[in-house]
Amino acid sequence: MSLDIESIRKDFPILEQQVYGKPYIYLDNAATSQTPLNVLKAMNDVYNGYNGNPHRGAHYMSNKTTAEYEKVRDKVKLFINAPTREEVIFTKGTTESINLVAYSFGEAFVNEGDEILVSEMEHHSNIVPWQLLCNRKKANLKVIPFDDKGRLKVEEIPALLSSRTRLLAVTMVSNAMGVVNPVEEIIDMAHSKNVPVLLDAAQAIHHMKVDVEKLGCDFMVFSGHKMYGPTGVGCLFGKKELLDKMPPFMGGGEMIEKVSFSGTTFNQLPYKFEAGTPNFTEVIGLGAAIDYLNGIGINNVIAWEHELLDYARKQLSGIKNIRFFGETEHQSGVISFLVGNIHPYDMGMFLDKMGIAVRTGHHCAEPVMDHFGIPGTVRASFAFYNIKEEIDKLTDAVKKVMSMF
Ligand code: PLP
């Protein structure tokens, strides 16, 4: 089956609007993707029909919310092929999921002199929580470098892993360069030294099949708002044997078994890590986003997005003095570039005035910019609802901006 993009776009009315009197071209999907009608309806249905606090009440609405909320846990379990539903924890997003692991895994397993290994191409949210942990525990953060094409130097990993390495955290896809990392190989290397691996799937979960059982990763994290779901929701997958040994991240309602001033005991998984009223409406919206993606079929998404990316690369390559960042064999979702000496902010501003949304700057990946000695890049990022005409318009607009400088 190939995608009927025209009818898909009808599910995203936001794409039909005009900005500055021009049809809007949205190419900032890696920052936040747009939300289909079925997701909005699912959330509307909560507020209009059964807005009750889950797990708390004995009344109809609370019970209905609880059932719908827990159904999404089963949906996520299937979507990522987690062995058990207890290993699926709802959070506010990728950032919170990583902070949860950095805090709780750190409390349980990291001591003075231990090491955490990350890559040079991580988003700040997969760097700073580990720096905070290392500061707290007097541990050391080590870094896997990448080369000038953006390829992670996996051959250096065995030497970077030591008897003190407690965890390796790496992104599946770089948000700044679109590079797809060979995570299976990385997991094998880490596991051969008994080092658990956290995968940041924020830029992967909607572009490829992420099967945690097949991958064998120990933790995997993602955000709803990058995969056509709402903001304020995301997931942490963690292996039960690790999560069981980790202390709670936050204290509050629902994460307890019994509270008294002489001592408190904690709930079982996954509730131990879901303190307070969860973003249940958004969780239910996330379930609808998974339904939408499943309806299209991940293989159709992969095929169309590859075609778009190849096309964008080909069209933009014709521009004089264009320089790409991320030129490996496996790229996904993102094309990052600079043209001549034009500052990325200037390029972004002019493109915006022409009705084209791209992201400019360091993309919360400053070490990547430091690697290349640049202040930032222009990043166009694609979703399955983008079309080739939009790429043509981007290419023409970039040429126009060039001619103005
Ligand atoms: N990791 C990667 C690779 C990302 O691209 C992003 C966001 O752009 C994040 C983590 C942080 O995601 P969030 O802001 O949804 O928590």
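This is a predicted model: local features need pLDDT of at least 70, side-chain atom pairs count only at pLDDT 80 or more; totals for chains, interfaces and linings use all residues.

Visitor: Fine. Which pocket is the space taken by the ligand?
Guide: The ligand takes up the largest pocket.

Visitor: Which residues are around the ligand?
Guide: Thr94, Thr95, His123, Ser125, Thr171, Asn175, Asp200, Ala202, Gln203, Ser223, His225 and Lys226.

Visitor: How does that shell divide into nonpolar, polar and charged?
Guide: One residue of the shell is nonpolar, nine are polar and two are charged.

Visitor: What lies 2.5 Å from a nitrogen atom of the ligand?
Guide: A polar side-chain atom of Asp200.

Visitor: And the ligand oxygens?
Guide: Lys226 has a polar side-chain atom 2.6 Å from a ligand oxygen. For Thr95, a side-chain N or O atom is 2.6 Å from an oxygen atom of the ligand.

Visitor: How much of the ligand's area does the protein bury?
Guide: The protein buries 87% of the 390 Å² that the ligand exposes when taken alone.

Visitor: Switching to cavities. How many of 30 Å³ or more does the structure hold?
Guide: One. The largest cavity has about 30 Å³ of space.

Visitor: What lines the largest cavity?
Guide: Its lining consists of Glu96, Leu100, Phe249, Met250, Phe273 and Ala275. By class, five of the lining residues are nonpolar, none is polar and one is charged.

Methods:
Residues are numbered from 1 along each chain as its sequence is written. Side-chain values use heavy atoms; hydrogens and water are left out. A residue is near a molecule or strand if one of its heavy atoms lies within 4 Å of it. A polar contact is a pair of N or O atoms within 3.5 Å; within protein, one must be able to donate a hydrogen and the other to accept it, and residues adjacent in sequence count only if both atoms are side-chain atoms. Accessible areas come from the Shrake-Rupley method with a 1.4 Å probe; for residues, only the protein chains shown count as cover. On a 1 Å grid over the protein atoms alone, a cavity is a set of points where a 1.4 Å probe fits but cannot get out, and a pocket is an open set with protein on both sides within 12 Å along at least five of seven lines; lining residues have an atom within 4 Å of a point. A molecule sits in a cavity or pocket if more than half of its atoms lie within 2 Å of its grid points. Ala, Val, Leu, Ile, Met, Phe, Trp, Tyr, Cys and Pro count as nonpolar, Asp, Glu, Lys and Arg as charged, and the others, Gly among them, as polar. Grid points are joined across faces, edges and corners, and a volume is the space filled by probe spheres set on the points.
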